[in-house]
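This report goes through a two-part reading of a protein complex: its surface and confidence, then its side-chain contacts. Please keep the sequence and coordinates at hand.

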Amino acid sequence: MDLSQAYASMTGDLANTMSLLIVALAGLALVVFDAFKNRHAATPWIAGLALTAGFVFEVSRIGSAEGMAYYNMLRTGGSAAFVNALVLGSGVLSVILTAPYLKRIGHNIGEAYSMILFATVGMLVLGSANNLVTVFVGLETMSICLYILTGFIRSGPGSTESAFKYFLLGAFSTGFFLYGIALLYGATGTMDISAMRDTVADGGSIVFWAGVAMLLVGFLFKVSAAPFHMWTPDVYQGAPTTITGFMSTASKTAAFASLILILNVALPGERWSEVLAVFAVITMVLGNVIALSQSNIKRMLAYSSIAHAGYILVGLAAGSADGYSGALFYLMVYTIMNIGAFGVIALLEWDKKEGSEQTLDSLAGIGYKKPLLGWTMAVFMFSLAGFPPLGGFLGKWAVFAPAVEAGYVWLAIVGVLTSAVSAYYYLRVLVVFFMKPEDAQSGAAATNFVIPKSSAAVLIFCVVLLFLLGVTTYAIELTGSFF
Amino acid sequence: MLMTAPIMFFVFAIVALAAALGMLLSKNPVSSALWLILNLFCVAGLYLTLNAEFIAVIQVLVYAGAIMVLFVFVIMLLNLAELPDLKKVEWRRIIAFTMGMGLLSMLTFISANALDMLPNPPSLAAAAENGSVTNLGKALFTVYAMPLEIIGILLLAATIGAVVIAKRKPV
């Protein structure tokens, strides 16, 4: 290779991946800043502003044509910009919710924000990767930061336990993932996802499909699809609540986006679509049924997020352009409602253990006491259950309709039935919030706090977005234009 | 010279397998670690017989060097008094092991030779062209420059996280 021309395209590439650059540099700057000014009030501001700047940049790039950067390592523009905007938006909302939350529980650690920024860097790389090397590097950067974020509160055993579980199981799944990449490289001779397509035109060898299977195991673990979901409830329960919101949405978005790219570009559809359909059924049934019996609300939301991964897998199993764009739209709706739901729960915990031991019943009657939290939670729950006219309904339609078109009528039927089951546990939250008489202890705790204005703004913003996504078709047409 | 590389391949392969078994089966973690070192060196030898010198060197440096030090540190933190005693190494066992391994590898080599299943490594020239340090460095700093930078961030995040989590006094 002629080295004099090696960096000729670097300036253009840097300009095209400005969001990645901003977030990474802000993360590095925060590390240094926090070392000199520990727990400074500006730390969350820097993180939030960097993420917002990246978000604005990516939104402005959604309409532009798809391109490549850094020797075809990353994709830019188009669907990659949409996914990046989703990840960054989720990061912005999470930082706004996290700042007062960490202060309230007395663990205002500056490193948390640089970790969020570094995790976002990993997600940006993963969500827009076009090469298995970048997929892996992005996945690992994201995962390592999330392990740390899960466990950085060490006041009780809960958080440490969940971080350790997450780390061990995550490292194990990384092994599968890496082995899969090695086998794929051995079978095709390339790491480039778009170049891989040409080498599997004749159906692919047994080594190739073994590699695909291992890669799928790694991805399904990261998106917490059954039967690789075991870590999810424990981790979501033990992690700081707003961080749970962040990792349940942004990391899933990035992992699903990467999976969609690999499925769409590199793999001939007829061979794996039924496999994904089976995983979707198991995930939906298992997530929804086990969620019914949960008394801890964070654990319940964890099983609900498993179920939602199942719904998204329905869209992927369809294997059509509509299915993929539906999955992207669903990810957007899911991000908004889940961040909102965890945001409300973050304000409603007073067990001093990050809500990991608090039962749903301790929140009885809170809906009238704190009407803002009660009513926004009502919107999030109705949307998660998929009631019209909220975004959740349109999202479910966007993933189930392509499955029916692709001939998976039974899959869509299972999806609709399990969503009906899910209405029970979502609406039970509202029953407890509004219709149960409060007990004295929680009533006293509930009056003892004020809702920070920034958190209230985020919750109201999420509610407005959910209504907008439910009644307008702009976003669904936008995702439809990507494939 | 022509036949030594394939013969050595089978010697290393058999000893690597035996060492892996030894690591799994030995009750004392210290001998487990020693077996693991033997295994890692044998895998490095395998790479050498396949003309992949750079990977062989890296294998010794990274695994046999850095990762083993980590293992030994962990073993040091264990309560050694509780562990079963190390057996005294007998000369007879060493000789038996060496001879058994030698015989077994010769047998596998001869059967593989008869079945025409000998490894077929790339020629030294071809291996040097693809796997040399120069080419690796060029690729790392041009085509793979972006992932390399991200790995830098990954390692920084891991370091900071380790400090945050391992600090004596929780914040």
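## Chain B: surface and confidence

B:Met76 sits in helix 3 of chain B, which covers residues 53-77. The model is predicted. B:Met76 belongs to a nonpolar surface patch, together with B:Val69, B:Leu70, B:Phe71, B:Val72 and B:Phe73. The accessible area of these residues together is about 580 Å².

The mean pLDDT of chain B is 85, and 92% of its residues score at least 70. Within chain B, confidence is lowest in helix 5 (residues 124-131), with a mean of 74. It is highest in helix 7 of chain B (residues 145-166), at 92. Where pLDDT is low, coordinates of a prediction should not be read in detail. For the complex, the predictor gives an ipTM of 0.91 and a pTM of 0.88.

Chain B is assigned two stretches as domain 1, 1-82 and 110-124, while domain 2 spans 132-171. The centres of domain 1 and domain 2 of chain B, taken over C-alpha atoms, are 27 Å apart.

## Salt bridges in chain A

Across all chains, the structure has four salt bridges. Side chains of opposite charge can pair when their charged atoms come close. Which residues of chain A are linked in a network of salt bridges? The members are A:Glu161, A:Lys165, A:Asp234 and A:Arg299. The table lists pairs from this network.

| Salt bridge | N to O distance |
|---|---|
| A:Glu161 and A:Lys165 | 2.9 Å |
| A:Lys165 and A:Asp234 | 3.0 Å |
| A:Arg299 and A:Asp234 | 3.0 Å |

The pair A:Lys165 and A:Asp234 bridges helix 7 and helix 10 (residues 231-238) of chain A, so it ties together parts that are 69 residues apart in sequence. A:Arg299 lies in helix 13 (residues 297-318) of chain A, so its pairing with A:Asp234 in helix 10 ties together parts 65 residues apart in sequence. The pair A:Glu161 and A:Lys165 has another setting: these residues are four apart in helix 7 of chain A (residues 157-188), so about one helical turn separates them.

How accessible are the residues of this network? A:Glu161 has a relative accessible area of 45% and is partly exposed. A:Lys165, at 30%, counts as partly exposed. A:Asp234 is also in the partly exposed class, at 22% relative accessibility.

## Aromatic pairs

Over all chains, the structure holds 23 aromatic pairs. One of them joins A:Tyr324 and A:Phe483, whose rings are tilted, with 5.7 Å centre to centre and 55° between the planes. This pair links distant parts of the chain, 159 residues apart: A:Tyr324 is in helix 14 (residues 321-347) of chain A, and A:Phe483 is in the segment after helix 21 (474-480) of chain A. Is A:Tyr324 buried or exposed? At 3% relative accessibility, A:Tyr324 counts as buried, whereas A:Phe483 is partly exposed at 34%.

In chain B, B:Phe9 and B:Phe10 form an edge-to-face pair, with 5.4 Å between the ring centres and 80° between the planes. Both of these residues, B:Phe9 and B:Phe10, are buried.

Ring pairs also build a cluster in chain A, made up of A:Tyr147, A:Tyr166, A:Phe167, A:Phe221, A:Trp231, A:Tyr236 and A:Phe342.

Terms used
Residues numbered from 1 in each chain as written. Chains lettered and ligands numbered in written order. Heavy atoms only, no water. pLDDT = per-residue confidence, 0-100. Helix = DSSP H or I, 4+ residues; strand = E, 2+ residues; numbered from the N terminus. Patch = residues over 30% accessible without salt bridge, like charges linked within 9 Å, V, L, I, M, F, W, Y side chains within 5 Å. Areas by Shrake-Rupley, 256 points an atom, 1.4 Å probe, with all protein chains shown as cover. Salt bridge = Lys/Arg side-chain N within 4 Å of Asp/Glu carboxyl O. Domains from an automatic or database assignment. Buried < 20%, exposed > 50% of the residue type's maximum accessible area, 1.4 Å probe, protein only. Phe/Tyr/Trp six-rings, centres within 6.5 Å; stacked < 30°, edge-to-face > 60°.
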